[in-house]
Amino acid sequence: MFIMFKLNIYNDYGKLIILIGILILLPLVSLLFYIEDIVYWKAFIIPSLFSFILGIIICAISKKNDLTSINYYNSYSAGITVLFAWTYGFILGAIPFVLSNQLSFTQALFESVSGWTTTGLSVMDVSITPKIFLFHRSFMQFCGGLGFVMMMLIFIQEKQSVNLYSAEGHPDKLKPNMKETARTVFSMYIMYLILGTSLYKILGMSLFDGLMHAMCALSTGGFSTKLNSIGEYNSFNIEVLTILLMIIGTINFHTLLLISKGKFKQILKISELRFMSAIIVVATILIALPIASKTNLNLINSFRISLFNSISALSTTGYSTVSYSNWPEFSIGIMIILMLIGGGIGSTAGGMKLSRVYILFVITLKNIKSRSLSKRNVYTMHYYKADGKSEIDKTLILDTLSFVVSYFSIFITGSLLISLFTDSPLRDSMFEFSSALGTVGLSIGLTNPNTTNPILIIEMAGMIFGRLEIFIILTGLYSIFSNSKKYINKKISHKF
């Protein structure tokens, strides 16, 4: 508690707690259509009411001490606030599963983390799960894609909201006013949600299934109401619609705004989009050809399967149309690479992000080229973002390289640990952990209702690092440690 006092951030903690409490309550809307699930109403009311009361108390304390006007935010304190919001959300999101005896605490926490981080790995049997909990999972993914800070800013204008917004991993400010930025993003996603749900309904899904799949496709989450995911429907039209929604989810928020304004000339210049298109084409071919040659599928079906699943992996959505158990090793390897790359920076997607990988390619090519030319030449590197041409300077290069090295270090560590605890082939362990770290949700079979707690904990750690990004977590943890150390030293010095 002393950290909250020290940073004077009571007010935002209280608002975030209230917001999360409201979000936990909203799955009760499903009772209007599935009244048989009313027996579970307490599982949602109790944590929601607790959160609402706790948030009001904290806000009241903040108002009483008049701390809201202080200019208190920097990158460190903002990082702590973001870490607090997500940690609190993980715990509160797990409580309904526990109170209703749907899952053990570790399983419930895993399902909650997978939901809020938009991963989609699951330990639930969706064929017997009550509808209210299917709604709860999907709604967590939809909100998690936007982020807690983003959702708070939709309703509240904070004086220091820019630091909070950036600390949650949103690099682009779409409007001069942060509240308008949040509302613009929210409005776009609600519009796409209504459109996607309606089209799913037209194509044969029930209204409930259409809403759940639309929420999870747009948030690049991947929770499904069917055991065989999108493959359950065996519908080419549903697959095409899902691909479009997944691509929308993995595109940068700023780029989506340009699309809504019809600025297609500017869109075609964006390096990230051009790079993503090239990867999809190459990956689809590389995955499809081995499948066609080593399985009973013909070339057309191989390309259909390859296109859907490669986009699902790259966008970090996690919907699937087939099992990967009989896929060639080469195709599995390409899928792992796609999951590690991930989607657009500033979108709902996870992974290293397309922009970072693109910058690495540019740096590498320039380095190779410079070795064959005069050392007197001065080289400047650029790439195109949604807001125009941007220079690849030394700071950006250092940040990119540091992130990628950290990302691969975590990937290698997590893969080895899963292989150790499951005694499974390293290929399977790498696939499963790349899915967790990239917040993808595709599984090769290691994650299921019988998965042991150590594996679930390892995967949860990967999901959190993948969603909040590595430096945000490390910065927040460093700030907590630093402030704790200062507090302890201060207490010791006062004592002596």
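## An aromatic cluster

Let's start with a group of rings: Tyr40, Phe44, Phe97 and Phe133 together make one aromatic cluster. Rings of Phe, Tyr and Trp (its six-membered ring) pair if their centres lie within 6.5 Å, with planes under 30 degrees apart counted as stacked, over 60 as edge-to-face and the rest as tilted. This is a predicted model, where local features need pLDDT of at least 70 and side-chain atom pairs count only at pLDDT 80 or more, while totals for chains, interfaces and linings use all residues. Residues are numbered from 1 along each chain as its sequence is written, and side-chain values use heavy atoms, leaving out hydrogens and water.

Searching the whole structure gives 15 aromatic pairs. One of them joins Tyr40 and Phe133 edge-to-face, at 5.2 Å centre to centre and 75° between the planes. Tyr40 sits in the loop between α2 (10-25) and α3 (41-64), and Phe133 in helix α6 (residues 131-146), so this pair ties together parts that are 93 residues apart in sequence. Are these two residues buried or exposed? Tyr40 is partly exposed, with a relative accessible area of 21%, while Phe133 is buried at 0% relative accessibility. Here, buried means under 20% relative accessible area, exposed means over 50%, and partly exposed lies in between (1.4 Å probe, protein chains only).

## The chain as a whole

Stepping back, the chain has 21 helices and two strands. Both kinds of element are DSSP runs numbered from the N terminus: helices are H or I with at least four residues, and strands are E with at least two. Of the 496 residues in the chain, 55% are buried.

A contact means heavy atoms within 4.5 Å. Among contacts between residues at least 6 apart in sequence, 71% join residues at least 24 apart.

## Two helix pairs

Helix α9 (residues 178-202) and helix α11 (residues 236-250) have axes that come within 11 Å and cross at roughly 170°. Axes are lines fitted to C-alpha atoms, for helices over the stretch in contact, and angles run from 0 to 180 degrees between N-to-C directions. The two helices are therefore roughly antiparallel; that label applies over 145 degrees, with under 35 counted as roughly parallel, 65 to 115 as roughly perpendicular and the rest as oblique. On the α9 side the contact includes Tyr189, Tyr192 and Gly196, and on the α11 side it includes Ile238, Leu241 and Thr242. By class, this contact has eight nonpolar, three polar and no charged residues. Ala, Val, Leu, Ile, Met, Phe, Trp, Tyr, Cys and Pro count as nonpolar, Asp, Glu, Lys and Arg as charged, and the others, Gly among them, as polar.

Now for α16 (residues 329-341) and α18 (residues 394-422): their axes come within 12 Å and cross at roughly 130°. These helices are therefore oblique to each other. Ile336, Met339 and Leu340 of α16 meet Tyr407, Phe408 and Phe411 of α18. This contact consists of six nonpolar residues, with no polar and no charged ones.

## Two residues to look at

Gln107 belongs to helix α5 (residues 105-116) and counts as buried, at 15% relative accessibility. Leaving aside residues up to four places away in sequence, Gln107 touches Val123, Pro449 and Leu456.

Arg274 can be found in helix α14 (residues 271-294) and is exposed, at 56% relative accessibility. With residues up to four places away in sequence not counted, Arg274 touches Leu268 and Lys269. The C-alpha atoms of Arg274 and Tyr384 are separated by 9.9 Å, although these residues are 110 apart along the chain.
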